[in-house]
There are 2 protein chains.
Amino acid sequence: MPRAGLTPASVVEAALRVVDEQGGEALTLAAVAARTGVATPSLYKHVRNLAELRERVALRAMDEMAVVLGEAVMGRSRDEAVAELMRAWRRYAVEHPHRYAAIPPSPLHNSELEAAGRRMIGVILAVLRGYDLDGPAAIHATRCLRAAAHGFATLESSGGFRLPEDLDETFEQLIAMVVASLTPSATPPR
Amino acid sequence: MPRAGLTPASVVEAALRVVDEQGGEALTLAAVAARTGVATPSLYKHVRNLAELRERVALRAMDEMAVVLGEAVMGRSRDEAVAELMRAWRRYAVEHPHRYAAIPPSPLHNSELEAAGRRMIGVILAVLRGYDLDGPAAIHATRCLRAAAHGFATLESSGGFRLPEDLDETFEQLIAMVVASLTPSATPPR
DNA sequence: ATTTCTGGCTAATGGCATTAGCTTAGCAGC
DNA sequence: GCTGCTAAGCTAATGCCATTAGCCAGAAAT
């Protein structure tokens, strides 16, 4: 019997395929083993356990997304950059719904995930540099943008919007909402 | 051996306690059985299976939340109502993080869940009645509000915001952002 | 008191994760 | 080409969980 020639990377690859096709719930060592043509216990030669495999999948998704977001804002600034950032965010979530869902909101106990999370947040912060926000204000703005983008992405990619109204239009409105909140002139005296 | 006196309702109650204390992942028939002092298979006399129990838990959470949201907006209108609605939304998610996480974004294949979801959305729509929005515009606005509130609630309740900056302040800013987007006068010509 | 119904129990099956220990493919060095 | 070592893969075994089947006794109804 020839060897299967697995590597940690190829195992993660197979795991990603399982996630994409059947969702995070279905990510099981047995499923990955079946897909790679190997017996389940053999996988332990390449990953510590299922939890670690999950983390590696999440890491990949976060890295991918950080790259996508970064590319989206390159060469743009201010409102234009914010809009493209949010569109790219949404696009990723819609194109890879299960992968997006595999991203943990909080990278608990894992420095690699934490770093990846920082890379994603970093893109938002970079875009906001175009506005005149002092330290704390930038944090608040980042959180607002993130909440809006993440909320919409989650809801859309998991089928939370059922009505026939055009989602593109809603999303453009959401972008406008965020952009307006970044432009002080938009805030009327109160 | 005296009977345990379980009912479908008391089983769901126990399940809710498990979810609250250990999260949705930990919701297992074995855990509920242990907590109710009964052998696992006995539970099948009261619920069809684990999936159904999960649905009942979700239903309870959604119903609770619909009530909480409804109460929050009673006697208020427009910006005030929107703000209180969002605060109540956030409060529920923070006070019952696991329960909130148990709410499915999309109530797949279940009319009861669907109805509960409609009740929640109904509160938003009711509040937006205070603004002059025609049919589609109300839908878009509802989605934006929901995305913002849900995004923030999810991120906060799962520990997604790590920096020390005050979250209350961020949230008030998010509210302002949503409210401003509902008031056309706030949008400056561009 | 007797019958019936039903909640709870034990036993059994099957899926999955994980560990232990064996086997051998494939390479390094001779 | 032979010798040996390392690591990839395998089988067997354990344990947890969901689910089903079938038994038994407590409670309620007659």
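The surface near DNA strand C comprises 13 nonpolar, 5 polar and 3 charged residues. In this classification, Ala, Val, Leu, Ile, Met, Phe, Trp, Tyr, Cys and Pro are nonpolar, Asp, Glu, Lys and Arg are charged, and the others, Gly among them, are polar. A residue is taken as near a strand if its C-beta atom, placed from the backbone, lies within 6 Å of it. The structure is a predicted model, in which local features need pLDDT of at least 70 and side-chain atom pairs count only at pLDDT 80 or more, while totals for chains, interfaces and linings use all residues. Residues are numbered from 1 along each chain as its sequence is written, and chains are lettered from A and ligands numbered from 1 in the order in which they are written.

Of the 21 residues around DNA strand C, those that come nearest are A:T28, A:L29, A:P41, B:A4 and B:S42. In chain A, α2 (29-36) and α3 (50-73) each contribute at least two residues to this surface; helices are DSSP runs of H or I with at least four residues, numbered from the N terminus. Around DNA strand D there are 21 residues, of which A:A4, A:A39, A:S42, B:T28 and B:P41 come nearest. Here α2 (29-36) and α3 (50-73) of chain B are the elements that give two or more residues. The surface near DNA strand D has 13 nonpolar, 5 polar and 3 charged residues.

The contact between the two protein chains takes 33 residues from chain B and 33 residues from chain A, two residues being in contact if their C-beta atoms, placed from the backbone, lie within 7 Å. On the side of chain B that touches chain A, α7 (135-157) and α8 (167-182) give two or more residues. The largest share, 13 residues, comes from α7(B). This side of chain B divides into 16 nonpolar, 13 polar and 4 charged residues.

The same surface serves both copies, since 100% of the contact residues of chain B recur in chain A.
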